[in-house]
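Have the structure open while you read.

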Amino acid sequence: MATKPITKRQRYWLVHLKNAASSGGSLVAYAKANDLKPKDLYVWKTQLIKLGHLPASGKRAGSQFVPVVPVSNATSVTLVMPNGFRLQLSGGIDRALLQDLVAVAQQTP
């Protein structure tokens, strides 16, 4: 939720970002089609999310991690991250190792 009123400049970029989202294409494609710099759209998207004028969405939105309860006799495990990163392990998997892997994965952008 926004804590400060939106400025004229912020509103300008907010309108572009909402139009880009409804276009169904990427921010880069929208920027090119509207004679804008893609970097500017990404910078303003980040700022407007931080200010609460845009909802957090996409890969960096709150993590979608679910609790993992390893089976004591598990011989393999596959850890799949929201960004598509996939880590497969086999043999010698214990709770401590799995907890360490999840902790590291949560810190990685």
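## Overall layout

Going along the sequence, the protein runs α-α-α-β-β-α. That comes to four helices and two strands, where helices (H or I, at least four residues) and strands (E, at least two) are DSSP runs numbered from the N terminus. The model is predicted, so to speak of local features pLDDT has to be at least 70, side-chain atom pairs count only at pLDDT 80 or more, and totals for chains, interfaces and linings use all residues. Residues are numbered from 1 along each chain as its sequence is written, and side-chain values use heavy atoms, with hydrogens and water left out.

Of the 109 residues in the protein, 20% are buried. Here buried means under 20% relative accessible area, exposed means over 50%, and partly exposed is in between (1.4 Å probe, protein chains only). As for contacts (heavy atoms within 4.5 Å), take those in the protein with a separation of 6 or more: 44% of them are between residues 24 or more positions apart.

## The aromatic cluster

How many aromatic pairs does a search of the whole structure find? It turns up two. The rules: rings of Phe, Tyr and Trp (its six-membered ring) pair if their centres lie within 6.5 Å, and planes under 30 degrees apart count as stacked, over 60 as edge-to-face and the rest as tilted. The rings of Tyr 12 and Trp 13 sit with centres 5.1 Å apart and planes at 90°, so this pair is edge-to-face. Trp 13 also pairs with Trp 44: the ring centres are 6.2 Å apart and the planes are at 5°, so that pair is stacked. Trp 13 belongs to helix α1 (residues 8-23) and Trp 44 to helix α3 (residues 38-50), so the pair ties together parts that are 31 residues apart in sequence.

Put together, ring pairs link Tyr 12, Trp 13 and Trp 44 into a cluster. Both Trp 13 and Trp 44 are buried, with Trp 13 at a relative accessible area of 9%. Tyr 12 comes in at 42% relative accessibility, so it counts as partly exposed.

## How α1 meets α3

The helices α1 and α3 pack at an angle of about 110°, with their axes 10 Å apart. Axes here are lines fitted to C-alpha atoms, for helices over the stretch in contact, and angles run from 0 to 180 degrees between N-to-C directions. That makes α1 roughly perpendicular to α3; the label covers 65 to 115 degrees, with under 35 being roughly parallel, over 145 roughly antiparallel and the rest oblique.

On the α1 side, the residues in the contact are Arg 9, Gln 10, Trp 13, Leu 14, His 16 and Leu 17, and they meet Asp 40, Leu 41, Trp 44, Lys 45 and Leu 48 in α3. The residues of this contact split into six nonpolar, two polar and three charged. For that count, Ala, Val, Leu, Ile, Met, Phe, Trp, Tyr, Cys and Pro are nonpolar, Asp, Glu, Lys and Arg are charged, and the others, Gly among them, are polar. His 16 in α1 is buried, with a relative accessible area of 14%. Leaving aside neighbours within four places in sequence, His 16 is in contact with Tyr 30, Leu 36 and Leu 41.

## The strand pair

Strand β1 (residues 76-80) and β2 pair in the antiparallel sense over five bridges; the criterion for pairing is at least two DSSP bridges between the strands. Ser 76 stands opposite Ser 90 in β2. Is β2 (residues 86-90) largely in the open or buried? Of its five residues, the number buried is zero, so β2 lies largely in the open.

Leu 87 sits in strand β2 and is partly exposed, with a relative accessible area of 24%. Leaving aside neighbours within four places in sequence, Leu 87 is in contact with Val 77, Thr 78, Leu 79 and Leu 101. Leu 87 and Val 77 are ten residues apart in sequence and 8.2 Å apart in space, C-alpha to C-alpha.

## Two exposed spots

Asp 35 is in the loop between α2 (27-33) and α3. Asp 35 has a positive phi of about 55° although it is not a glycine, and at 74% relative accessibility it counts as exposed.

Lys 4, in the segment before α1, is exposed too, at 60% relative accessibility. Lys 4 and Leu 51 are 47 residues apart in sequence but 7.7 Å apart in space, C-alpha to C-alpha.
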